[in-house]
Amino acid sequence: MESVEDVIKRLSEWIEPLAEVEQVPVLESVGRVLAESLAAPRDVPIAPLSLFDGYAVAGPLVTGESLPVEGKQFAGDAPATLKPATAMRIFTGALLPKGADTVIAQESVEINAGQARWLEDLSIGAGVRATGADTREGQVLLESGTRISVPQIGLIASTGEATVSVRRRVRVALLTTGDELLAPGDPFLPGRIYDANGPMLEALLRAAGVEIVQRACLPDDREVIDTQLRQAAQADLIVTSGGVSVGEADLVRAGVEALGRIDHWRVFLKPGKPLAIGEVLGTPFLGLPGNPVSTFVTYLRFVRLAIDRLAGQTDPGAWPTQWLPLAAARQGGDRPEYIRVRRIEVEGRLMLEPYPDQNSGLLSSLAWADGLALIPPDERLAAGDPVEYTAFKEIGL
Ligand code: AMP
Ligand code: MG
C-alpha cells in the first residue's frame with residue numbers, strides 16, 4: 001500500500017499537461033487555465049485622473065483661499081489646459097487637465113459668483129489616481145497556469161484583449177460500474193440501488209470545467225467493460241467507479257490489465273483503499289472504489305490532481321488545510337482516515353463535530369458535513385486535540 005503523499009507525487013510526475021492551446025472570448029475563459037502569462041499592454045490609468053466630481057487645481061490648497069472656475073473636463077475628454085490661477089470643473093474618471101495635479105471634491109468647495117473657495121487643506125496629488133496606479137505597462141497580471149475565476153475577468157477585460165489563450169479543456173470518460181445500478185428515474189427493483197456516484201462525479205467534473213466525452217453505467221460484464229474502455233482511451237483521462245476491489249464481480253481491474261496496465265491499486269487511506277491507477281491503451285486511468293464516500297474522497301485527493309495537471313494548472317489538486325480542535329475524543333484506526341465533520345462553536349471556540357456514523361457507504365454523512373478532517377492512524381485523540389481540516393468551500397464545493 002502506498003501513502004496518499006506517494007500517490008500524489010507519483011501522479012504529479014506521471015501526468016503531463018495537455019499541449020493544445022486555444023483562444024477563447026474573455027467571458028468564456030472562466031474556469032479555464034491560462035496557457036501563457038498575461039501582461040498589461042499599457043499603464044492603467046493611462047494618465048492621472050480624477051477620483052470624484054470636483055475641481056481640478058494646481059495644489060496645494062489652503063482653507064479659505066479661492067480661485068475663479070474656468071472650463072470643464074469630462075471623463076473621456078482629451079486633457080484641456082488649466083489656466084494659471086484658475087480651477088477647472090472636473091468629473092469622476094476624467095483625465096486631469098494639463099497644469100493641474102490635485103482635485104478637490106465638490107462637497108469641500110463653496111461656489112460664489114464663479115469663484116471656488118476651499119473648505120479644506122489639500123496637499124498636491126490629493127483626489128487623483130496616478131498613472132499606472134492600477135497596473136503598469138508590461139507587468140504580469142496573471143501567470144501562466146492560473147485557473148481563471150470571476151474576479152479576474154474584469155482585470156483581463158481591462159487590458160483590452162477580446163480573447164485569452166487557454167489550454168484545451170480536459171476530456172474525461174466517466175464510467176460507473178455494477179450490476180446493481182439503476183439510473184435515477186428508473187423504476188425501483190429489489191436488490192438494486194440507484195447510481196449515486198455517476199451524478200456525483202459528473203457534478204464534480206463539471207465544476208472542474210472538464211468536458212465529459214463519454215458517460216456510461218456498465219454491468220459487471222467483461223465484454224461490455226472492454227468495449228467501453230477501448231472507446232474511453234480516446235479521452236485524456238478515464239475515471240471509473242466500482243469494480244476495482246478483489247471480489248469476483250470486480251472486473252474493471254481485469255479489463256484495464258487486458259488493455260494496458262494497473263500500476264497501483266491500494267492506497268493507505270480510509271475510506272478509499274481500493275484505488276486503481278494505471279493506463280488503458282496509453283490513457284491515464286483512475287479507478288475509484290464504489291462506496292460513495294470513498295469515491296468522493298478519492299476524487300478530491302487524486303482525480304482533481306490529475307485534471308489540474310492535465311489542464312496545466314499551477315498548484316494542481318491544491319488541498320488547503322487548517323488545524324482545528326475535535327469536539328469529541330476519537331481513536332485512530334489502522335489507516336489515516338478522512339472523517340466527515342462540521343464546524344461548530346463550543347463556548348466561543350470553533351471545533352469539529354464528526355458525523356456519528358463514518359461508514360463509507362453513507363451519503364448522508366457527506367451531505368451533512370462541511371469538510372473533512374484527517375485522523376492519523378493508531379492515535380488516541382482527546383476532545384480539543386487539533387486535527388487537519390479541509391473545508392469543502394475552500395476547494396470550490
Ligand atoms: P464495488 O467497489 O463495485 O465493490 O462497490 C462497493 C459498494 O459501493 C457496493 O455496495 C456497491 O453497491 C456500491 N456502489 C458501487 N457503485 C455505486 C454507485 N455508482 N452508486 C452508489 N453505490 C455504488
Ligand atoms: Mg461493483
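**Close-up views of a predicted model**

Five aromatic pairs are counted in this predicted model, a pair being rings of Phe, Tyr and Trp (its six-membered ring) whose centres lie within 6.5 Å. Residues are numbered from 1 along each chain as its sequence is written, and chains are lettered from A and ligands numbered from 1 in the order in which they are written. Because the model is predicted, local features need pLDDT of at least 70 and side-chain atom pairs count only at pLDDT 80 or more, while totals for chains, interfaces and linings use all residues; side-chain values use heavy atoms, with hydrogens and water left out.

**View 1. The aromatic pair Phe74 and Phe91.** The ring centres are 4.8 Å apart and the planes stand at 10°, so the pair is stacked (planes under 30 degrees apart; over 60 is edge-to-face and the rest tilted). Phe74 belongs to the loop between strand 5 (66–73) and strand 6 (87–90), and Phe91 to the loop between strand 6 and strand 7 (102–105), so the pair ties together parts that are 17 residues apart in sequence. Strands (E, at least two residues) and helices (H or I, at least four) are DSSP runs, numbered from the N terminus. Phe74 is partly exposed, at a relative accessible area of 40% (buried is under 20%, exposed over 50%, partly exposed in between; 1.4 Å probe, protein chains only).

**View 2. The crossing of helix 4 and helix 5.** The axes of helix 4 (residues 222–232) and helix 5 (residues 252–259) come within 9 Å and cross at roughly 50°. That makes helix 4 oblique to helix 5 (angles under 35 degrees count as roughly parallel, over 145 as roughly antiparallel, 65 to 115 as roughly perpendicular and the rest as oblique). Arg222, Ile225, Asp226, Leu229 and Arg230 of helix 4 meet Val252, Ala254, Gly255, Val256, Ala258 and Leu259 of helix 5, contact meaning heavy atoms within 4.5 Å.

**View 3. Two cis peptide bonds.** Val44 and Pro45 are joined by a cis peptide bond with omega about -5°; Pro45 is placed in the loop between strand 2 (38–39) and strand 3 (49–50). From Gly59 to Pro60 the peptide bond is cis, with omega near -5°, and Pro60 sits in the loop between strand 4 (54–57) and strand 5.

View 4. Most residues other than glycine have a negative phi. Ala85, in the loop between strand 5 and strand 6, has a positive phi near 60° and is exposed, with a relative accessible area of 58%. Leu281 has a positive phi near 45°; this residue lies in the loop between strand 19 (276–280) and strand 20 (283–288) and is partly exposed at 47% relative accessibility.

Terms used. Axes are lines fitted to C-alpha atoms, for helices over the stretch in contact, and angles run from 0 to 180 degrees between N-to-C directions.
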